[in-house]
Amino acid sequence: MSAEKISIAIVDDHTLFRSGLASLLDEFDEIEILFEGTNGQDLQTKIKNQPDVDLILMDINMPVMDGFAATKWIKEYHPNVNVLALSMLEDEKAIIGMLRAGASGYMLKESTPNELLTAIKTVTEKGFFVNDLVSGRLLVALKDGDAKPIFSARELTFLQHCSTEHTYKEIAELMNVSHRTVDNYRESLFAKLNIRSRTGLVVYGIKNGLIVI
């Protein structure tokens, strides 16, 4: 008996990329492409006829309605549909913005079809995908609810600020501390969580309810 297929929608304003990606993914037995959209507004129209989609591959920069607005809309009106952001560059600000909007992870457009398939399966099974931004230990903690580390009130405040567009210098000013102190907060969280990036911190904060969206 064959496994149930994962129903996918692809939303991207670049026709050649979108069609090419659809053709590549169509080669996998596990995937079923339900529809393609050119932007968030087009997605709103088409999902009315295909509400059973499991996951949307969402471009970030699109005209009319971009990936941020489209993802927020999806999570409001179709909360059970997962969104996997597609990004040209590893732009930390854009990725954090998509995570705040409700995306379950992101993939670079230069990724291979097999890497994308792995991400799709991971999101479908675990509810999120963060590639190498976090360690295996954190993935286990997020999945199984292992004992959480203890954070200071200032570290939690810093973590909340990390989910905004503020630079570390601006965060230091908002918290009325020195830039060095903010560096200490960041390094402390990196050490406690075994994470290597600001995006990884935001993923952890959102998944564990430490960051208020």
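This report describes the strands, helices and salt bridges of one predicted model.

Residues are numbered from 1 along each chain as its sequence is written. Because the model is predicted, local features need pLDDT of at least 70 and side-chain atom pairs count only at pLDDT 80 or more, while totals for chains, interfaces and linings use all residues, and side-chain values rest on heavy atoms, with hydrogens and water left out.

**The sheet and its helices**

Helices (H or I, at least four residues) and strands (E, at least two) are DSSP runs, numbered from the N terminus, and two strands pair if DSSP finds at least two bridges between them. In this model, five strands form an open sheet with parallel pairing, in the order β2-β1-β3-β4-β5. Its edges are β2 (31–37) and β5 (106–108), each of which pairs on one side only. On average, and with direction ignored, neighbouring strands of the sheet are turned by 25° against each other; such angles run from 0 to 180 degrees between N-to-C directions, and the axes are lines fitted to C-alpha atoms, for helices over the stretch in contact. Strand β4 (residues 82–87) is joined to β5 by three bridges, the two running parallel, and A85 stands opposite Y106 in β5.

Helix α1 (residues 15–25) lies across β1 (6–11), β2, β3 (55–59) and β4, and runs at about 170° to β2. Helix α3 (residues 67–77) lies across β3 and β4, running at about 160° to β3.

**Salt bridges**

Side chains of opposite charge can pair when their charged atoms come close. A salt bridge is counted here when a side-chain nitrogen of Lys or Arg is within 4 Å of a carboxyl oxygen of Asp or Glu, and a search of the whole structure finds eight of them.

| Pair | N to O distance |
|---|---|
| E30 and K121 | 3.0 Å |
| D42 and K46 | 3.2 Å |
| R186 and E187 | 3.3 Å |

E30 lies in the loop between α1 and β2 and K121 in helix α5 (residues 113–126), so their pair ties together parts that are 91 residues apart in sequence. D42 and K46, by contrast, are four residues apart in helix α2 (residues 40–46), which means that about one helical turn separates them.

Buried means under 20% relative accessible area, exposed over 50%, and partly exposed in between (1.4 Å probe, protein chains only). D42 is buried at 18%, whereas K46 is partly exposed at 32%. R186 is buried at 15%, and E187 is partly exposed at 42%. Finally, D12, D59 and K109 are linked in a network of salt bridges.

Definitions and conventions:
Contact = heavy atoms within 4.5 Å.
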